[in-house]
Amino acid sequence: MKITRETVEYVAHLGRLDLDPREIDEYTGQIDSILQYMDSLNALDTQGVEPTSHAVPVGCVMREDVVRESFTAEESTGNAPERIDTFFKVPPIIEVE
Amino acid sequence: MDILDLTIVQLREMLRKKEITSVELTEYYLNRIKKYDGEVLSYLRTTEDYAMEMARSADERIGRGEDTPLLGIPLGMKDILCTKGVETTCGSNILKGFVPPYDATVIRKLKEAGFVHLGRLNMDEFAMGSSTENSAFQTTRNPWDTTRIPGGSSGGSAAAVASGLCTSALGTDTGGSIRQPAGLCGVIGMKPTYGRVSRYGLVAFASSLDQIGPFSRNVSDCATMLGVIAGYDPMDSTSIPEPVPDYQSFLGRDIKGLRVGIPAEYSVEGMEADVKKTYEDNLQILKDQGATLVDVSLPHTQYAVATYYIICTAEASSNLARYDGVKYGLRENGKDIIDMYKKTRFKGFGKEVKRRIILGTYVLSSGYYDAYYRKAGKVRTLIRRDFDAAFTSCDLIVTPVSPTTAFKVGERVADPLTMYLSDIFTIPVNLAGLPGISIPGGFDAKGLPIGLQIIGRPLDEGRMLQAAHVFEAVKKAETVPGRLRV
């Protein structure tokens with residue numbers, strides 16, 4: 001086995017995903033076989049090969065720093081599931097004594 | 001004369017001469033959707049009022065003598081392209097009810113060209129899948145056999161075009177999501193060169209691989225659509241600052257002396273006999289038309305699927321971090337903010353999306369990054385070099401699109417790896433950033449379509465369309481099942 005139930009739970013936590021116990025079992029088996037398949041890449045010697053992150057070489061693209069029209073606060077927050085005026089509303093982040 | 005057999009160029013001519021109005025054309029398609037989409041399930045939602053408003057406006061513009069490439073032409077849109085004021089769900093419960101406050105660049109360009117927006121086409125959730133079975137809302141059916149899948153992730157786009165439920169459509173392709181469903185539904189689908197079309201407003205899955213492209217029933221329409229959507233966009237810094245050629249000008253030219261590369265590695269285990277036979281017949285057509293067939297080698301092909309699933313899941317796990325229940329879409333309440341994120345994402349994402357987030361998070365996590373993500377980046381370089389080397393001895397590479405024809409609904413759901421392997425012929429093209437087109441190559445003994453893939457050098461879409469057009473004229477493959485014409 002490449003991966004255990006605990007690893008799946010931990011990685012799900014890193015990805016901010018709750019999973020139910022049945023899903024954890026299912027994913028553990030499936031991800032294990034997918035990772036084993038991915039390990040086929042180890043058969044290749046890639047020493048000295050530069051990795052490709054983009055198929056087209058992309059440099060740092062600059063633009064003039066000028067004031068332009070952008071979305072209004074109303075447009076930007078209009079899809080929020082909960083908001084107060086044009087603020088996003090979220091549960092407490094810092095605990096209060 | 002059947003409207004379904006006319007090209008956009010021909011329809012534009014009729015619209016210009018007032019032989020038909022955009023309102024009539026739009027009603028024609030809306031009526032067809034009512035009549036046939038109950039069994040095909042290609043549209044998630046039609047936008048009738050919006051479509052009629054755009055059609056009336058197009059007719060006014062035509063009346064004023066305006067002439068743009070898509071003026072009055074009804075199209076379908078994959079539900080992944082942000083459209084101002086139109087619900088855009090990406091096939092996911094987590095984006096249900098999301099109404100973008102802006103247009104994707106391709107939508108803006110289509111609007112400037114005068115199109116009519118018929119509705120939103122079904123897809124695998126966040127474009128992750130090869131069958132539309134991962135859509136949170138419905139599974140689209142293959143119009144040639146409704147017990148089978150249409151391919152994916154742009155299965156709704158392919159099925160709608162093959163059923164004659166729009167003139168053309170847009171889809172997106174990360175590992176084959178335009179070409180595979182186009183092949184399985186027997187229509188034309190093109191993934192342009194990475195960077196040829198702006199991704200601004202495309203809901204991101206794997207940003208270094210995603211590309212938008214057209215579906216159509218003839219090569220001319222593919223050329224028209226590509227000409228409208230292609231070009232540099234300051235809003236997408238990966239778009240290529242090169243002028244857009246007149247793609248129509250490539251049509252009608254012969255292919256005498258064209259060197260067509262045949263990769264030895266694309267004869268894989270599990271390829272159906274009819275697919276192999278059709279591929280060989282298709283190559284003979286190209287040869288008869290004057291092309292020279294050249295053997296080429298793409299030695300790292302067998303590593304492409306593993307490489308792809310490391311890269312695309314890594315990028316997806318990062319891109320999908322934005323769905324947190326704060327800015328848009330679904331929210332499930334929790335005891336604190338982390339709990340709220342977790343519950344929201346648990347409820348909002350489907351199985352395949354969660355599986356890919358976990359895989360992607362794993363391959364990027366501390367201790368595994370070098371072994372998986374960095375390794376995959378290096379193999380991606382080797383795959384790119386394979387194509388560079390092959391293109392020194394040929395002008396185009398021609399392969400099958402998929403090893404099999406359309407499979408049955410439900411057949412591969414429990415086995416993600418087999419599902420992933422169905423994209424073996426399309427994935428390398430995305431990794432190398434090359435353009436690829438799927439064109440109808442014929443049918444198997446069950447009457448299911450078989451696609452032929454043409455791969456080009458970067459920005460060589462014109463030459464691909466040229467070869468596709470020559471092939472189309474000889475092959476004359478049926479693109480709409482007869483029973484959907486009555």
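**Exercise 1.** Find out which residues B:Cys166 is in contact with, leaving aside its neighbours within four places in sequence, and decide whether B:Cys166 is buried or exposed.

*Solution.* Keep in mind that this is a predicted model.
- Begin with the position: B:Cys166 sits in the loop that links helix 5 (155-162) to strand 4 (168-173) of chain B.
- Next, list the contacts beyond four places in sequence: B:Tyr29, B:Pro74, B:Leu75, B:Gly76, B:Leu118, B:Ala160 and B:Val161.
- Finally, count neighbours. A residue is buried if 20 or more other C-beta atoms lie within 10 Å of its own. B:Cys166 has 27 C-beta neighbours inside 10 Å, so B:Cys166 counts as buried.

**Exercise 2.** Work out which residues of helix 4 (residues 105-112) of chain B are buried, and what covers them.

*Solution.* 
- The buried residues in helix 4 of chain B include B:Thr105, B:Val106, B:Ile107, B:Lys109 and B:Leu110.
- Their cover includes strand 2 (74-78), strand 4, strand 6 (211-216) and helix 7 (219-229) of chain B.
- Now look past the end of the helix: B:Gly114 follows helix 4 of chain B and has a positive phi, near 95°.

**Exercise 3.** Identify the residues that touch the most other members of the largest nonpolar core, then follow helix 9 of chain B to its contact with helix 11 of chain B.

*Solution.* 
- The largest nonpolar core holds 158 residues, and B:Ile310, B:Leu396 and B:Ile454 touch the most other members. Helix 9 (residues 304-319) of chain B makes the biggest contribution to this core, 10 residues.
- Take B:Leu396 as an example. Beyond four places in sequence, its contacts include B:Leu258, B:Val260, B:Ile454, B:Ile455, B:Met464 and B:Ala467.
- Turn to the helix pair. The axes of helix 9 and helix 11 (residues 351-364) of chain B come within 7 Å and cross at roughly 100°. Angles of 65 to 115 degrees count as roughly perpendicular, and therefore helix 9 and helix 11 of chain B are roughly perpendicular to each other.
- From helix 9 of chain B come B:Ile310, B:Thr313, B:Ala314, B:Ala316 and B:Ser317; among their partners in helix 11 of chain B are B:Ile357, B:Leu359 and B:Leu364.

**Exercise 4.** Describe chain A and the side of chain A that touches chain B.

*Solution.* 
- Chain A has 3 helices and 2 strands, in the order α-α-α-β-β from the N terminus.
- Its radius of gyration is 23 Å, whereas a compact globule of 97 residues would have one near 13 Å. Of its residues, 15% count as buried.
- At the interface, 43 residues of chain A are in contact with 56 residues of chain B. Helix 2 of chain A provides the largest share of chain A's side, 7 residues. That side divides into 27 nonpolar, 10 polar and 6 charged residues.
- One contact brings back helix 11 of chain B: helix 1 of chain A packs against it at about 90°, with the axes 9 Å apart. A:Val8, A:Val11, A:Ala12 and A:Leu14 meet B:Ile358, B:Thr361 and B:Tyr362 there.

Notes: Residues are numbered from 1 along each chain as its sequence is written. Chains are lettered from A and ligands numbered from 1 in the order in which they are written. This is a predicted model: local features need pLDDT of at least 70, side-chain atom pairs count only at pLDDT 80 or more; totals for chains, interfaces and linings use all residues. Two residues are in contact if their C-beta atoms, placed from the backbone, lie within 7 Å. Helices (H or I, at least four residues) and strands (E, at least two) are DSSP runs, numbered from the N terminus. Ala, Val, Leu, Ile, Met, Phe, Trp, Tyr, Cys and Pro count as nonpolar, Asp, Glu, Lys and Arg as charged, and the others, Gly among them, as polar. The radius of gyration is taken over C-alpha atoms; the globule rule is 2.2 Å times the number of residues to the power 0.38. A residue is buried if 20 or more other C-beta atoms lie within 10 Å of its own, exposed if 12 or fewer, and partly exposed in between; C-beta atoms are placed from the backbone. A nonpolar core is a set of buried Ala, Val, Leu, Ile, Met, Phe, Trp, Tyr and Cys residues joined through C-beta atoms within 7 Å. Axes are lines fitted to C-alpha atoms, for helices over the stretch in contact, and angles run from 0 to 180 degrees between N-to-C directions. Angles under 35 degrees count as roughly parallel, over 145 as roughly antiparallel, 65 to 115 as roughly perpendicular and the rest as oblique.
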